[in-house]
Amino acid sequence: MRSDMLFGITEEAFSSFLLQANRRTLAETIRFFFEADDQTIEELRAWAGKARDKMYGKRVFFRALIEFSSWCKNDCYYCGLQRSNQNAVRYRLSDDEIISCCRTAYERGIRTFVLQSGEDPSYSDFRLCRLITEIKEQFPDSAVTLSVGERSPDSYQRLFDAGADRYLLRHESANEDHYRKLHPPTQRLCDRKRCLFHLKEIGYEVGTGFMVDSPDQTNETLADDFIFLRELKPDMIGIGPFIPHHDTRFAGYEFPSAKHTLILLSLIRVMLPGVLLPATTALAAADDRGFEKGLMAGANVLMPNASPLKHRDAYALYDHKPNEGKGTIEQWHQWVHWVESLGLQPDFSRGDSKMKQMDGER
Ligand code: SAM
């Protein structure tokens, strides 16, 4: 990849290039942008903005994030909620507490609730189905997104039949060796991928993603992530910087900058223009202006934290997670204001993905 190759080509041509590039070319392209000057990155950002506008216009969708349990049976090496972290504070929300969080968000106009937790076996299919049914009864014009980890195909089917619309499950890394550096041997990339394909087959809108600058990540492992995204064609892609947590084996890693995440957001937007792309909380943790910069890089989703204030500190995936102020449901009016000030348009509808439409066109 050379910089002169970029001049004069359209974002559509660059999109086709990214969709067809092999692993080596993708890795070189990622390296090229990581090392590029500000003007080149600005060009990439402009392409990403155009790609987003063509699919979604200037709309920015809001999702209320409800972190309902900090218990986890997994041991992801990077995560503060990992089972072996004896210092983690554990909590679970009751069904009533979860519904009350949904109501708060609903009253502010938000029509998507993202229910996220560690992998907590105490939320059985029965319990989750009952909860989803109740939410759908009380807030019928809303979408329910689950992010509760790996489950069996039958379980995913039951939750879908109960009314769940979307499912977020990051693949974390599509490279086997890299995945093994981030997880214990009991957690396998092939299981993760299988879950994602099952979810898609059932009919969920599916979200996946990965951390940026995670330990041992390289441009080549990122190329594998891009190839997997091309194969899965998810509806949503959540990426955010890896941020070390002090109680994990990666505690000594450097606090990240937002730079690589912003570049990858733009590349993903150009490659798959129909995806929903959040400007994540981790991006805002890495950079005070992370939300704004994420939106300017091609993101089009914001996920205000709507969990009960008293539990937010305990949902500690990484250090310095912002739990108050910007990025929370309490800052409602400011969100609207600053999205508008970026020339974008806050949209509180369900905000379904355009990925299927794009898929059909290809
Ligand atoms: N248990 C569910 C699952 O596994 O999909 C959802 C909860 S999990 C804690 C949500 C996401 O947090 C993970 O997919 C991971 O990418 C992200 N995460 C965990 N630790 C992180 C860290 N140290 N820095 C940035 N993101 C992190």
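Helices α5 and α6 run roughly parallel to each other. Keep in mind that you're looking at a predicted model. Why do α5 and α6 count as roughly parallel? Their axes cross at roughly 20°, and angles under 35 degrees count as roughly parallel, so the pair gets that label. To find them, look for residues 125-138, which make up α5, and residues 153-162, which make up α6.

In general, two packed helices are described by the angle between their axes and the distance between the axes. For this pair, the axes come within 8 Å, and the crossing of α5 past α6 is right-handed. On the α5 side, the residues that meet the partner helix are D125, L128, C129, I132 and T133. On the α6 side, they are S155, R158, L159 and A162. Sort the residues of this contact by type and you get five nonpolar, two polar and two charged.

Finally, zoom out to the whole chain. How does the radius of gyration fit a compact globule? A compact globule of 362 residues would come out near 21 Å, and the chain has 19 Å, so the two agree.

How values were computed. Residues numbered from 1 in each chain as written. Predicted model: local features only at pLDDT ≥ 70, side-chain atom pairs only at ≥ 80, totals over all residues. Axes fitted to C-alpha atoms, helices over the stretch in contact; angles between N-to-C directions. Helix = DSSP H or I, 4+ residues; strand = E, 2+ residues; numbered from the N terminus. Parallel < 35°, antiparallel > 145°, perpendicular 65-115°, else oblique. Left-handed = near helix turned anticlockwise from the far one by under 90°. Contact = placed C-beta atoms within 7 Å. Nonpolar A, V, L, I, M, F, W, Y, C, P; charged D, E, K, R; others polar. Rg over C-alpha atoms; globule rule 2.2 N^0.38 Å.
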